[in-house]
Amino acid sequence: MIQPEDITAHRGFCWKLDHFISKTRTKRLNRARKRKRERVRVGEMKNSGEGSSATLSVDERYKNWKSLIPVLYDWFANHNLVWPSLSCRWGPQFEQGTYKNRQHLYLSEQESTDGSMPNTLIIANCEVVKPRVAAAEHISEFNEEARSPFVKKYKTLIHPGEVNRIRELPQNNNIVATHTDSPDVLIWDLEAQPNRHPVIGASESIPDMILTGHTENATEFALAMSPAEHFVISGGRDNNVVLWSIQDAITSLGLGKSGGSSFARKEGLRLGPRGVFEGHDAAVEDVQFCPSSVLEFCSVGDDSCLILWDARSGNAPIVKVEKAHDDDLHCLDWNAHDTNLILTGSADNTVRIFDRRNLTAGGVGSPIYKFEGHKAPILSIQWCPDRASAFASAAEDGFLNIWDYDKVGNNKETARAKARPAPPGLFFQHGGHRDKIVDFHWNPAEPWTIASISDDVASTGGGGTLQIWRISDLIYRPEEEVIAELTKFKEHLTKCGPSEASKSSN
């Protein structure tokens with residue numbers, strides 16, 4: 001894992017770091033003085049029995065992380081949310097500029113406790129700054145309580161019930177599915193849906209399609225849309241996995257086409273399932289399609305099982321891995337670059353990789369590796385679209401970790417791991433959130449760019465925090481390539497140093 005001392009020792013002559021140090025020396029001194037005053041205040045609070053040491057340690061950790069933003073990140077944006085949110089997803093990119101691109105971002109907002117704010121699905125216009133454009137001092141100066149100028153609300157839908165999860169249709173990102181606190185899955189054509197004003201008494205938006213098949217209120221997060229064809233799968237508290245084909249319905253309704261969706265009807269088209277799959281003994285927490293096959297998918301649940309399904313072989317599991325983790329399973333993802341690899345995340349605080357070639361119908365199989373680095377249950381995981389061996393995991397501990405499976409067992413990485421206490425394979429840790437991270441999404445249009453969202457009710461009493469960020473390319477690029485670039489830059493600085501400047505002036 002990249003440590004601050006590694007970067008400052010080997011890359012201290014990088015223009016961004018040099019510029020940051022020269023511009024913020026006074027600010028750091030002021031912050032140090034402020035921290036000293038706070039330590040005195042903390043000591044007084046402890047003596048008087050006030051405060052919480054756990055909360056104070058989170059705040060101190062956050063301050064340390066914020067001071068390193070210009071070193072670790074190429075770009076960063078912080079957006080305060082008034083109401084809690086459980087899901088965020090990137091939509092289509094609709095404009096490309098010289099220094100930044102514009103892209104839709106989908107968010108959920110939960111109903112306020114007093115009922116003055118309904119449940120909503122938000123479509124935001126997001127400005128994504130291009131690599132090596134943002135100035136160091138700009139990305140580190142932000143107000144945690146303010147809304148980011150890079151994120152602007154474009155459209156609001158008043159959603160029937162809570163939005164537990166949002167998933168976009170890969171073939172057309174303007175079409176999304178939402179998992180709610182009812183048995184149904186809702187399909188929306190976001191471009192065609194009218195903008196609504198979330199006020200008291202406002203009527204709910206009408207979904208374009210309602211997928212039926214669950215027998216109990218879902219109130220879960222298991223939802224996926226196939227990258228191969230127009231198929232949807234869902235899991236719920238009825239312990240079932242439900243599969244739908246929505247291709248014909250999309251065509252007949254004209255979804256995804258300008259002016260194609262009709263809102264004259266009073267309710268959306270109701271569509272029954274293509275199959276209901278039974279095999280879990282507890283609630284299904286997550287589902288995922290095989291990237292190369294629309295009829296192969298997998299699921300995990302509170303029964304600690306990982307199940308592989310094939311709709312061509314009936315409604316029973318093909319493989320059921322009992323006790324895939326030591327606790328409930330919360331999330332999973334299927335590698336689009338290598339379809340043999342499946343990631344799982346659990347309440348046992350670990351992430352595990354399974355190779356489906358090693359699994360048998362009898363449920364025998366063990367992970368090929370177990371990643372340990374979180375100190376709380378894992379809530380979300382996803383393979384990186386830009387590197388086959390990399391993935392990210394987010395947890396209730398407030399950290400979003402980026403791992404590289406290829407670094408596990410690497411002799412050079414092993415030597416570095418012995419020199420510092422970092423879990424094998426972990427090469428970056430995002431510490432910008434101060435409470436549990438409930439969802440995140442790699443940007444498919446902008447390499448190494450992530451949107452992450454946290455539920456801050458427990459820590460600050462507020463709604464949540466959306467952060468959009470991209471780590472410095474000096475961290476994830478091959479080491480030899482980075483050293484060559486920085487060496488070349490160092491030579492340039494030497495040639496253009498003060499001595500040369502004084503000679504030319506004489």
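These notebook entries record what I looked up in one predicted protein model.

**Entry 1. Ground rules.** I noted that the model is predicted, that local features need pLDDT of at least 70, that side-chain atom pairs count only at pLDDT 80 or more, and that totals for chains, interfaces and linings use all residues. I also noted that residues are numbered from 1 along each chain as its sequence is written, and that side-chain values use heavy atoms, with hydrogens and water left out.

**Entry 2. The chain as a whole.** I looked up the secondary structure and found 11 helices and 29 strands in the protein chain. Both are DSSP runs numbered from the N terminus: helices are H or I with at least four residues, and strands are E with at least two. Of the 506 residues, 53% are buried. Here buried means under 20% relative accessible area, exposed means over 50%, and partly exposed lies in between (1.4 Å probe, protein chains only). The accessible surface is about 22200 Å², and carbon and sulfur atoms hold 50% of it; the areas come from the Shrake-Rupley method with a 1.4 Å probe, and for residues only the protein chains shown count as cover. I then looked up contacts (heavy atoms within 4.5 Å). Among those between residues at least 6 apart in sequence, 62% join residues at least 24 apart.

**Entry 3. Salt bridges.** How many salt bridges does the whole structure hold? The search finds 21. The term requires a side-chain nitrogen of Lys or Arg within 4 Å of a carboxyl oxygen of Asp or Glu.

I looked up Arg312 and Glu296, whose side chains meet in a salt bridge at 3.5 Å, N to O. Arg312 lies in the loop between β17 (306–310) and β18 (319–321), and Glu296 in strand β16 (residues 293–301), so the pair ties together parts that are 16 residues apart in sequence. Arg312 is exposed at 54% relative accessibility, whereas Glu296 is buried at 19%.

Asp355 forms a salt bridge with Arg357, and their closest N and O atoms are 2.7 Å apart. Is Asp355 buried or exposed? Asp355 is buried, at 7% relative accessible area, while Arg357 is exposed at 57%.

Arg477 and Glu485 form another salt bridge, with 2.7 Å between the closest N and O atoms. Arg477 is buried at 16%, and Glu485 is partly exposed at 26%. Salt bridges with shared partners join Arg132, Asp473, Arg477, Glu481 and Glu485 into one network.

**Entry 4. One sheet.** I recalled that strands of a sheet pair through backbone hydrogen bonds, either parallel or antiparallel. I looked up an open sheet of 4 strands, which has the order β23-β24-β25-β26 and antiparallel pairing. Two strands pair if DSSP finds at least two bridges between them. Which strands stand at the edges? They are β23 (378–383) and β26 (426–430); each has a single partner strand, so one side of each is left without a neighbour in the sheet. The twist averages 20° from one strand to the next. β23 pairs with strand β24 (residues 390–395) over 5 bridges in the antiparallel sense, and Gln382 stands opposite Ala392 in β24.

**Entry 5. The record.** I looked up residues 322–355, where the chain is 0% helix and 53% strand, with end C-alpha atoms 15 Å apart. Residues 371–404 are 0% helix and 56% strand, and their end C-alpha atoms lie 10 Å apart.

Note on methods
Axes fitted to C-alpha atoms, helices over the stretch in contact; angles between N-to-C directions.
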